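Please look over the model below before reading my comments. They are set out as numbered points.

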Amino acid sequence: MKELDNLNKIKKIDNDGMLEVEENFYKQLVEAKKNFDSVDLVKVSGKNYKGIVFLGMGGSGFVGDIVKSLIKDSSTIPIEVVKGYSLPGYIDKDWLVIPVSYSGNTEETISCINQAIKRGATILYITSGGKLEQMAIDSDACIIKVKGGYQPRGAIGFLFLPALLALKDIGIAEISDKEINGALSHIKELAEKFHRNVETGKNFAKQLACLIGGNLPVVYGTSGYLSAVAYRWKCEFNENSKTPCFWAEFPELNHNETVGWQRLISTTKEFILIVLRDEDENMRIKTRINTTIKLVKDNFSEIVEIPVEGSSKLSKALSAMYIGDIASVYLALLHGVNPTPVKKIEKLKAELAKLD
Ligand code: PA5
């Protein structure tokens, strides 16, 4: 029996249930969509915003990355993502500010919200509680309150979908119901294929984890939604699998990183390159990727190309993200690592709290 098919063993390692969270991602999206129906957006609707800015860090910060990548090409106003303590000077009262913090207590996000409040910006809070919920109540602002009890990265459906639906409702995101429903069905199909009950021989997510094995993953995406997804893969490998992981995007990586794969070959022979490939990539990008693979192939233990399919950009983005999310959990379990705890993040936050 293959390691990841030993269900008793993986259940013992995964004693906080991250694999179940991933297996239930489709249900999470359905629940998030249903909960969104009761959100009142009156306070953020009917305004001519100069721009939209997402605030957030880590798992919550990814919401801004992915939403921006999906809507920026059709948006007539800037969509920005701020990950840090300071709000850019040009964000004023005419901007819509969307702070996303699952815990509601992330200090960088709170610092930016305070600056946004001083400037009189409109704020749409997305959180499961904490200080953000209190700030929304105190300022009588619009809030999307999401279900608590998850790790922030495991609650991505609860955080991401309402952000996108809110921007659709207020006329900023051009996403049809057909695209949303199509994306959800796609996730349902993948969840069945990647379920723990499906043996490694037929389960691509388990196979990918086994292929990565003891190697260090390097993930390449392409500028746009696959860049956001490549970054998500990196973060999921870090937090779930507790492994170093690096990422970069085409075409930029062709102007620097491609040259870097020359020295330290005995080290990089223990790296595996994972390339996310949109089935509809244009000829120039296709040529770049194919040529890059030829140029660097001897520097890696292996190169894996992940075909990204879907009926829309949303479907492709969510499904590509999902493959990485679930593979990162299987990689943790393969190495006997509980994917849920992030003790170093907690320790860091505790040190910072002492400064208050
Ligand atoms: O996954 C994690 O635990 C982190 O990346 C958090 O998302 C990050 O520290 C920010 O916390 P929060 O999502 O609660 O704002």
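The points below take up a strand, a helix and a loop residue in turn.

1. The model is predicted, so local features need pLDDT of at least 70 and side-chain atom pairs count only at pLDDT 80 or more, while totals for chains, interfaces and linings use all residues. Residues are numbered from 1 along each chain as its sequence is written, and side-chain values use heavy atoms, with hydrogens and water left out.

2. Strand β3 covers residues 95-101, and seven of its seven residues are buried, where buried means under 20% relative accessible area, exposed over 50% and partly exposed in between (1.4 Å probe, protein chains only). Helices (H or I, at least four residues) and strands (E, at least two) are DSSP runs, numbered from the N terminus. W95, V97, P99 and S101 lie on one side of β3, and L96, I98 and V100 on the other.

3. β3 pairs in the parallel sense with β1 (residues 51-55) over five bridges and with β4 (residues 122-127) over four; pairing requires that DSSP finds at least two bridges between two strands. L55 stands opposite P99, and V97 has I123 of β4 as its bridge partner.

4. Helix α10 (residues 225-239) reaches 21 Å from its first C-alpha to its last, close to the 21 Å expected, the expected span being 1.5 Å times one less than the number of residues. Of its 15 residues, 13 are buried.

5. V198, in the loop between α8 (177-194) and α9 (204-212), is partly exposed, with a relative accessible area of 22%. Leaving aside neighbours within four places in sequence, V198 is in contact (heavy atoms within 4.5 Å) with D5, E192, K193, N203 and K206.
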